Amino acid sequence: MKSLNLRSSMRVMALCAAALTPACGGADDAKADDAKADDADPTPDAGTSGSGGAGGGAEACPEGQMCMSMEEDYCVEDGQQCLDPALVGSCPEGQMCMSMSEDYCVGAGQVCGAPRKNYAIEIQAPHAHIWAQVGIIFTVRDLDACADPADQSTCAPVPGLAIEAFFAPKGGATEVQPLAAGVFDDGGDGTYTWLRTFGDVGAGAIGARFTQDGQSYFTAFGMESSKAGGERYFCDTDADGTPDRAFQIRWAAAPGRPVADGSAAAFTFEIMRSFNTPVNTEQPWTNTFDHLRPAELDGMAPTVELMADGGEGATSMGAVVPVYAGKGLYKVERAFAAGDLGGAAARTFWFKVGLTDDLGCRVDGGVGEDEANYLFSVVSPE
Ligand SMILES: [Ca+2]
């Protein structure tokens with residue numbers, strides 16, 4: 001009787017795969033099809049009648065599960081379907097939506113009764129300033145294949161996975177990134193690198209997931225992105241060799257990533273000066289700051305120069321005039337057009353921000369190594 005149920009359920013799921021409708025695979029439907037199948041085709045030994053070569057078979061399935069097959073065999077519980085009917089039909093072609101405790105897609109290449117691998121997914125994610133592209137590196141290792149079991153870095157890397165990266169911002173929709181050349185790359189050595197630019201200040205979870213042989217693997221980590229800018233600016237007002245003031249320049253763009261479609265992109269610069277003594281130069285962000293208002297700045301505002309490209313090849317695109325927006329924020333607007341990109345799909349720009357305050361302190365943001373704190377990219381419209 002077990003074999004009969006097995007065979008009939010295969011028919012049910014084959015029907016589901018063909019129809020991909022929410023009504024498919026429900027408990028009542030399954031029973032109806034069970035009955036039909038029992039009558040029409042009482043052939044035993046259905047578990048080995050698949051395409052073959054998949055290994056396992058019905059006997060390999062864990063207790064309470066059975067072997068199913070589209071092109072290969074795999075294990076599912078009887079009468080399963082997606083928990084969320086809306087997801088039925090959302091799977092890639094050749095796959096269908098199944099559930100154990102959560103919804104996932106299954107399809108060819110999954111092996112019946114395949115044991116769960118002891119995979120570990122490591123992540124290396126630098127602190128992300130907004131608008132600066134960061135490389136997030138996931139490394140997948142097989143912890144059952146280690147030269148030194150005590151050292152995870154000696155465990156065999158696992159390349160070639162159909163891995164997805166994702167970012168779930170707090171209170172926002174989750175962004176999913178499948179492998180894509182130049183965006184999320186399989187390095188071929190167990191590393192998978194996601195190049196991503198974070199456009200918003202905030203926190204969220206970043207992670208990766210993949211399914212192999214019917215088993216799902218998943219990991220996630222908390223991460224934060226903060227306003228870009230520089231904070232290692234110091235001024236020795238009494239020239240005794242010890243800094244007395246620290247400065248911060250924070251900048252952000254709104255709304256969204258600048259596009260070279262001729263519309264104006266808005267940028268704000270937040271200028272701050274510390275007033276505590278002594279100044280902490282090791283962890284300058286721990287100083288106590290006030291915003292610098294126009295009356296405290298030479299020229300009533302910082303100077304802002306738009307630069308194209310970075311490093312040796314940087315060229316000036318001209319000065320832009322900031323307007324005071326209150327609360328220490330200075331705003332500039334700049335329209336980017338296709339010509340600004342020089343024919344490329346994207347180009348790097350940055351703002352060189354300078355100021356002299358009423359204590360005679362000079363701050364040059366974006367000069368030398370500090371330039372990287374101000375880089376952003378403008379993309380061509382799609
Ligand atoms: Ca001093």
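Residues are numbered from 1 along each chain as its sequence is written. Because this is a predicted model, local features need a pLDDT of at least 70 and side-chain atom pairs count only at pLDDT 80 or more, whereas totals for chains, interfaces and linings use all residues.

The average pLDDT (the predictor's confidence in each residue, from 0 to 100) of the protein chain is 73, and 64% of the residues score at least 70. Residues 1-59 have a pLDDT below 50, and this stretch has 87 contacts in the model beyond near neighbours in sequence; two residues are in contact if their C-beta atoms, placed from the backbone, lie within 7 Å. Residues 69-74 also have a pLDDT below 50, with 29 contacts beyond near neighbours in sequence. Where pLDDT is low, the predicted coordinates should not be read in detail.

The protein chain contains two helices and 25 strands; helices (H or I, at least four residues) and strands (E, at least two) are DSSP runs, numbered from the N terminus. Of its 382 residues, 30% count as buried. A residue is buried if 20 or more other C-beta atoms lie within 10 Å of its own, exposed if 12 or fewer, and partly exposed in between, with C-beta atoms placed from the backbone. Among contacts with a separation of 6 or more, 56% link residues 24 or more positions apart.

Strands pair if DSSP finds at least two bridges between them. Strand β9 (residues 164-169) and strand β10 (residues 175-178) run antiparallel and are joined by four bridges, with Ala165 opposite Gln177 in β10. Five residues separate the two strands of this hairpin, and Gly171 in the turn has a positive phi of about 75°.

Val353 has Gly365 in β24 as its bridge partner. Five residues again lie between the strands, and Gly360 in the turn has a positive phi of about 85°. In a regular strand the side chains alternate between the two faces of the sheet. Strand β24 (residues 362-365) has Val363 and Gly365 on a covered face, and Arg362 and Asp364 on an uncovered one.

Finally, Ile137 is located in strand β7 (residues 133-146). Ile137 is partly exposed because 15 other C-beta atoms lie within 10 Å. Apart from neighbours within four places in sequence, Ile137 is in contact with Gln124, Thr191 and Thr193. Ile137 and Thr191 are 54 residues apart in sequence, yet their C-alpha atoms are 6.4 Å apart in space.
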